[in-house]
Amino acid sequence: MFFGKVISENPLQVFVEQKFILSEKQLITAEYLTDHKINCKLRKKPNGNWEEYEAKILNHLKTDDKVILIPTDNENQYLITDRVV
């Protein structure tokens, strides 16, 4: 496990433990750490009908975010598992 800091959003780059920089091609990002769309159902009234909507979740990694990374077996790629608060 490693700790890193996002130094660029587009293209995504992470500086790992003040030793090396990982490029976007070397990073695997968990979906919840990206901007993505979800389908959901909501009611406008308490006993009303459920209506389906598409919502956009804005949660991409931003410059200076601190992250946790787990390397693949050959250490060619790293999975970003979460932000560190």
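The following legends describe close-up views of one predicted model.

The model is predicted, so local features are given where pLDDT is at least 70 and side-chain atom pairs where it is 80 or more, whereas totals for chains, interfaces and linings use all residues. Residues are numbered from 1 along each chain as its sequence is written, and side-chain values use heavy atoms, with hydrogens and water left out.

**View 1. An open sheet of six strands.** The strands follow the order β3-β2-β1-β7-β8-β4, and their pairing is mixed. Strands are DSSP runs of E with at least two residues, numbered from the N terminus, and two of them pair if DSSP finds at least two bridges between them. The edges are taken by β3 (20–22) and β4 (27–29); each has a single partner strand, so one side of each is left without a neighbour in the sheet. On average, neighbouring strands of this sheet are turned by 40 degrees against each other, direction ignored. For these angles, axes are lines fitted to C-alpha atoms, and angles run from 0 to 180 degrees between N-to-C directions.

**View 2. The hairpin of β1 and β2.** Strands β1 and β2 are antiparallel and share five bridges. Two residues lie between them in the hairpin. E9 has L12 in β2 as its bridge partner.

View 3. S8 is located in strand β1. With a relative accessibility of 15%, S8 counts as buried; buried means under 20% relative accessible area, exposed over 50%, and partly exposed in between (1.4 Å probe, protein chains only). The S8 side chain reaches the backbone oxygen of P11 at 2.7 Å. Apart from neighbours within four places in sequence, S8 is in contact with Q13 and T63, where contact means heavy atoms within 4.5 Å.

**View 4. From β2 to β3.** Strand β2 (residues 12–16) pairs with β3 in the antiparallel sense through three bridges. Opposite V16 stands F20 in β3, and opposite F15 stands I21 in β3. The hairpin of these strands has three residues between them, and E17 takes a positive phi near 45 degrees there.

**View 5. Strand β7 and its two partners.** Strand β7 (residues 66–71) runs antiparallel to strand β1 (residues 2–9), and four bridges join them. V67 in β7 is the bridge partner of G4. Strand β7 also pairs with strand β8 (residues 78–84), again in the antiparallel sense, over six bridges. Here L69 stands opposite I80 in β8. Six residues separate β7 from β8 in their hairpin, and E75 in the turn has a positive phi of about 60 degrees.

**View 6. An aromatic cluster of F2, F20 and Y78.** These three residues, F2, F20 and Y78, form one aromatic cluster. Three aromatic pairs are present in the structure. Rings of Phe, Tyr and Trp (its six-membered ring) pair if their centres lie within 6.5 Å; planes under 30 degrees apart count as stacked, over 60 as edge-to-face and the rest as tilted. F2 and F20 form an edge-to-face pair, at 6.4 Å centre to centre and with 75 degrees between the planes. Because F2 lies in strand β1 and F20 in strand β3, this pair ties together parts that are 18 residues apart in sequence. The ring centres of F20 and Y78 are 6.2 Å apart and the planes stand at 50 degrees, so this pair is tilted. The pair of F20 in strand β3 and Y78 in strand β8 links distant parts of the chain, 58 residues apart. F20 counts as partly exposed, with 29% relative accessibility, whereas Y78, at 5%, counts as buried.

**View 7. The largest nonpolar core.** This core has 14 residues, and those with the most contacts inside it are V14, L27, L61, V67, L69 and I80. A nonpolar core is a set of buried Ala, Val, Leu, Ile, Met, Phe, Trp, Tyr and Cys residues joined through side-chain atoms within 4.5 Å. At least two residues of the core come from each of β1, β2, β7 and β8; β2 gives the most, with three residues. In soluble globular proteins, nonpolar side chains tend to be buried together. Not counting residues up to four places away in sequence, L61 touches V6, E9, L12, T29, L33, V67, I80 and R83.

Conventions
Polar contact = N/O pair within 3.5 Å; in protein donor to acceptor, adjacent residues only side chain to side chain.
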